[in-house]
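The sequence and the model are shown first.

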Amino acid sequence: MENPIRIYSTKKLLPNQRQYLLNAGFVVAEADFITVSAKPFVYKNTNDYLIFTSQNAVESVLKNKKLDQIKAIKAFCVGEKTKQLLEQNGFEVVTSSDYAAELASILCNQYAKNSFTFFSGNLRRDILPDAMQLAQIKYDEIGVYETLLTPHKNDTYTDGILFFSPSAVESYLKKNKITHETCFCIGRATAEIAEHVTENILIANQPTIENVIIQTINYYSQKSKGEREKTDD
């Protein structure tokens, strides 16, 4: 490949995740644009169910001294990886959804008479709390982790940028501009932030890091095929 595709990931990838891109012939640069830290919290629960919208919330809860008491309550969650982490640690998951809006619809339509404890982060979106308030569902929100923006300057020429959260887009834009680059986003919420500065956006079919990578590889493979076909004509 004379001019390899240059990909910039706003999250440091696992070795096998990075290898997928390298095997496709891409040049990969990466940096963590957000920093997540667990936050101590006091748990005094009398509600029917738990809600987790990220793996970060689960990881923080796993450190709590009342973990056994928390695990005794069934949970709802957002994300397949969040569900897997919960179940691996002994939680029973009633339902999981790919997006908070989908989970909000389930709770409001099927569990409006129940009560919930929502484990959240400091930069969480308002979709789920707003929906529950509108439906007059009883819930308590406990902040269990903090997300800090940790922007870096990207001084390399980049063809595509991988974004895995709305916060990562915000952090990237603090020291960088998006001009010609194609943005590969893990979900709609992440894409909505990027839409403020660019129209060159592709959203993963599933909200996972692996699917973002697959979409990136497929995009440039199809683009390269199209360019070859034009040359043949």
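In this predicted model, the charged end of R188 sits over the ring of Y99, at 4.0 Å from the ring centre.

**Aromatic pairs**

A search of the whole structure gives 17 aromatic pairs. A pair of aromatic rings is described by the distance of the centres and the angle of the planes. Two of the pairs are set out below.

| Pair | Centre distance | Plane angle | Class |
|---|---|---|---|
| Y8 and F33 | 5.9 Å | 75° | edge-to-face |
| F52 and F91 | 5.7 Å | 75° | edge-to-face |

Planes over 60 degrees apart count as edge-to-face, so the 75° between the rings of Y8 and F33 puts that pair in this class. Y8 belongs to strand β1 (residues 6–9), whereas F33 is in the loop between β2 (27–30) and β3 (34–38); the pair therefore ties together parts that are 25 residues apart in sequence. Y8 and F33 are both buried.

The rings of F52 and F91 are likewise edge-to-face, because their planes stand at 75°. F52 is in strand β4 (residues 49–52) and F91 in the loop between α4 (80–88) and β6 (93–97), so this pair ties together parts that are 39 residues apart in sequence. F52 is buried, as is F91. F52 and F91 also belong to a cluster, linked by ring pairs, with F41, Y43 and F119.

**The sheet**

Strands of a sheet pair through backbone hydrogen bonds, either parallel or antiparallel. Here an open sheet of 5 strands runs in the order β2-β1-β9-β10-β11, with parallel pairing. The edges are β2 and β11 (201–203); each has a single partner strand, so one side of each is left without a neighbour in the sheet. From one strand to the next, the twist averages 20°.

Strand β1, which holds Y8, pairs with β2 in the parallel sense over 4 bridges. The bridge partner of I7 in β2 is V28. Helix α1 (residues 15–23) lies across β1, β2 and β9 (160–163), and runs at about 145° to β2.

**K174**

K174 is located in helix α7 (residues 166–175). Is K174 buried or exposed? Its relative accessible area is 57%, and the cut-off for exposed is over 50%, so K174 is exposed. Leaving out residues up to four places away in sequence, K174 touches L149 and P151. The C-alpha atoms of K174 and L149 are 9.2 Å apart in space, and the two residues are 25 residues apart in sequence.

Technical notes. Residues numbered from 1 in each chain as written. Predicted model: local features only at pLDDT ≥ 70, side-chain atom pairs only at ≥ 80, totals over all residues. Heavy atoms only, no water. Helix = DSSP H or I, 4+ residues; strand = E, 2+ residues; numbered from the N terminus. Buried < 20%, exposed > 50% of the residue type's maximum accessible area, 1.4 Å probe, protein only. Contact = heavy atoms within 4.5 Å. Phe/Tyr/Trp six-rings, centres within 6.5 Å; stacked < 30°, edge-to-face > 60°. Lys NZ or Arg CZ within 6 Å of the ring centre and 35° of its normal. Pairing = 2+ DSSP bridges. Axes fitted to C-alpha atoms, helices over the stretch in contact; angles between N-to-C directions.
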